[in-house]
Amino acid sequence: MTRHLQPMTLQEVGAATPCAARGELFAAAGNAAPGLPNLFESEARDLCEGACPAFADCLMRTLRGKPVAGFVAGTTEEQRAHLMAALGVTAEAEGDLSTIA
């Protein structure tokens, strides 16, 4: 069951995010061996997308900011690269991604 949360920014949420509370899970989700399934990714993604009120803000910051390694904002590095290519965004891009959608 998906919870519908009031969207918030990372500043509004502070340290009360699932990734802050479950850092070990998110670290494990970002450390899969190439070509092997990562058993932690699904749980981490569910927490990001379903339990974090700052998910949208986090994803936008991750796509627009400096490249980040590992599992961040419910995405892997490869998934972020695909999203950025589809949106025509490069790291450290100027402007507002909300105008792309």
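Which residues in α5 meet which residues in α6? On the α5 side they are Leu59, Thr62 and Leu63, and on the α6 side Arg80, Leu83, Met84 and Leu87. Keep in mind that this is a predicted model.

## Where α5 meets α6

Sorted by type, the residues of this α5 contact with α6 come out as five nonpolar, one polar and one charged. A pair of packed helices is described by the angle between the axes and the distance between them. Helix α5 covers residues 55-64 and helix α6 covers residues 77-87; their axes come within 10 Å and cross at roughly 80 degrees. Angles from 65 to 115 degrees count as roughly perpendicular, so that is the label for α5 and α6.

## The overall layout

Zooming out, the protein has six helices and zero strands. Read from the N terminus, the order of elements is simply α-α-α-α-α-α.

Of the 101 residues in the protein, 32% are buried. Take the contacts with a separation of 6 or more: 55% of them join residues 24 or more positions apart.

## The largest pocket

Now for the largest pocket, with a volume of about 210 Å³. Its lining is made up of Ala29, Gly30, Asn31, Ala32, Asn38, Glu41, Gly70, Phe71, Thr76, Glu77, Glu78 and Gln79. By type, the lining splits into six polar, three nonpolar and three charged residues. Helix α6 supplies the largest share of that lining, with three residues.

## Thr76, a lining residue

Thr76 is one of the residues lining the largest pocket, and it sits in the loop between α5 and α6. Is Thr76 buried or exposed? Its relative accessible area is 16%, and under 20% counts as buried, so Thr76 is buried.

What does Thr76 touch once its neighbours within four places in sequence are set aside? The contacts are Glu41, Arg45, Gly70 and Phe71. Among them, Glu41, Gly70 and Phe71 also line the largest pocket.

## Gln11, out on α1

Over to Gln11, which belongs to helix α1 (residues 10-13). With a relative accessible area of 58%, and over 50% counting as exposed, Gln11 is therefore exposed.

Gln11 and Asp57 are 46 residues apart in sequence, yet their C-alpha atoms are 9.7 Å apart in space.

Methods
Residues are numbered from 1 along each chain as its sequence is written. This is a predicted model: local features need pLDDT of at least 70, side-chain atom pairs count only at pLDDT 80 or more; totals for chains, interfaces and linings use all residues. Side-chain values use heavy atoms; hydrogens and water are left out. Axes are lines fitted to C-alpha atoms, for helices over the stretch in contact, and angles run from 0 to 180 degrees between N-to-C directions. Helices (H or I, at least four residues) and strands (E, at least two) are DSSP runs, numbered from the N terminus. Angles under 35 degrees count as roughly parallel, over 145 as roughly antiparallel, 65 to 115 as roughly perpendicular and the rest as oblique. Contact means heavy atoms within 4.5 Å. Ala, Val, Leu, Ile, Met, Phe, Trp, Tyr, Cys and Pro count as nonpolar, Asp, Glu, Lys and Arg as charged, and the others, Gly among them, as polar. On a 1 Å grid over the protein atoms alone, a cavity is a set of points where a 1.4 Å probe fits but cannot get out, and a pocket is an open set with protein on both sides within 12 Å along at least five of seven lines; lining residues have an atom within 4 Å of a point. Grid points are joined across faces, edges and corners, and a volume is the space filled by probe spheres set on the points. Buried means under 20% relative accessible area, exposed over 50%, partly exposed in between (1.4 Å probe, protein chains only).
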